[in-house]
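Please look over the sequence and the model shown here before reading on. The report is meant to be read beside them, with the residues in view.

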Amino acid sequence: MTVWLKSAISDFDVSSAIEEIGFIDWGTNHHIFAGDIVYIYMGKPTQKIIYKTECVRDDLSEKELTDYSKFYRVPLSSSAVSNRVSKKYIRLQPIINLERSLGNELSLNELVANGMAKSYVRDTRKLENKPDLVKYIYEVEEKIEMDTIDSLVPKGIPNTVAERMVKTRIGQGLFKQKLLLESQECCICGLSEMSLLIASHIKPWKDCTSNERLDENNGLLLCPAHDALFDKGYITFSNDGKMVISSRLDEATKRLMNIDSSSKIKLSKNNKKYMAFHRSKIFK
């Protein structure tokens, strides 16, 4: 997964197009692929990032492109349209409307103050070489994520229900995005279909502080089967990353779930404090 910043044409009403159509089809000469995250920046008079999107198609043909002509504030001439040549066409699905959710945190001045060159807003650029800028954008998003998560969970409902609701929400959100920057596969079996990967908390959400809930060090990318085993405490990991399997699992189940005590994952120093909690409180 790659994170991009893409500038919108100033005469194109991105927000109205997304609200009515639900996605944006765009031509690009960059290597943007399905699963990549694309932040959309709008120039004058807005001058800030207005949407976070995910590329869901990277193989659109010209015939499949949606007609967005009515969303241009200045009508495009037929010659202008015919002169726009792109190597590929992509479809962007909105994740968060940042324009509505924020004040000026993602404005041009704030972005430049946190590491973005002004030339970035005129083009499509990867953000991988701007770690301070990415960190700042993520910090702003975390505020939104926490507000959204808190509003999703009604007071007084059982913890198990609350955790399912939150897991659905954060499974495709910033928490998973941060984990995908480090790896794009299940850390146990290597499954690499991103739509199936689950951003699994090591220390359960219900036991976390606000900061721990979106801390990527408190997460593992797992396939559905291994997420279920880990979530229910049938497997855990020692400090050196070796799998520890509950005595409650019989040999047939171990074979079917493709696990054995020789399995090993990579744990960072910051993962280990969360895994210690999992071993002592969750593991059966």
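## Basis and overall make-up

This is a predicted model, in which local features need pLDDT of at least 70 and side-chain atom pairs count only at pLDDT 80 or more, while totals for chains, interfaces and linings use all residues. Residues are numbered from 1 along each chain as its sequence is written, and side-chain values use heavy atoms, with hydrogens and water left out.

The secondary structure of the protein chain comes to 11 helices and 10 strands, where helices (H or I, at least four residues) and strands (E, at least two) are DSSP runs numbered from the N terminus. Of its 284 residues, 44% count as buried; buried means under 20% relative accessible area, exposed over 50%, and partly exposed in between, with a 1.4 Å probe and protein chains only. The chain exposes about 15,000 Å², of which carbon and sulfur atoms supply 48%, by the Shrake-Rupley method with a 1.4 Å probe, where for residues only the protein chains shown count as cover. Among contacts (heavy atoms within 4.5 Å) between residues at least 6 apart in sequence, 71% join residues at least 24 apart.

## Nonpolar cores

In soluble globular proteins, nonpolar side chains tend to be buried together. A nonpolar core is here a set of buried Ala, Val, Leu, Ile, Met, Phe, Trp, Tyr and Cys residues joined through side-chain atoms within 4.5 Å. The largest has 49 residues, and those with the most contacts inside it are Y39, I49, L127 and F237; the largest share of this core, 7 residues, comes from α5. A second, separate core of 21 residues includes W4, I18, I50 and I90.

Which residues does L127 contact, leaving aside its neighbours within four places in sequence? They are V3, W4, L5, Y39, Y120, L133, V134 and I137.

## Salt bridges

Side chains of opposite charge can pair when their charged atoms come close. A search of the whole structure finds 10 salt bridges, each defined as a side-chain nitrogen of Lys or Arg within 4 Å of a carboxyl oxygen of Asp or Glu. One of them pairs R91 with D25, with the closest N and O atoms 2.7 Å apart; this pair links distant parts of the chain, since R91 lies in strand β5 (residues 88-97) and D25 in strand β2 (residues 24-28), 66 residues apart. Both R91 and D25 are buried.

K52 and E141 form another salt bridge, their closest N and O atoms being 2.8 Å apart. This pair also links distant parts of the chain, with K52 in strand β4 (residues 48-60) and E141 in helix α5 (residues 131-152), 89 residues apart, and both K52 and E141 are buried. K203 and E212 meet in a salt bridge at 3.1 Å, N to O, and K203 and E212 are likewise buried. Salt bridges that share partners also join R57, D59 and E64 into one network.

F23 is found in the loop between α1 (14-21) and β2, and F23 counts as buried because its relative accessibility is 19%. Beyond its neighbours within four places in sequence, F23 is in contact with A17, I18, T66, Y68, R91, L92, Q93 and P94. F23 and P94 are 71 residues apart in sequence, yet 6.5 Å apart in space, C-alpha to C-alpha.

In helix α9 (residues 224-231), the buried residues are H226, D227, L229 and F230. Seen down the axis of α9, they fall within an arc of 165°, so they line one face of the helix; the arc is that of the directions from the helix axis to the C-beta atoms. Just after α9, G233 takes a positive phi of about 85°.
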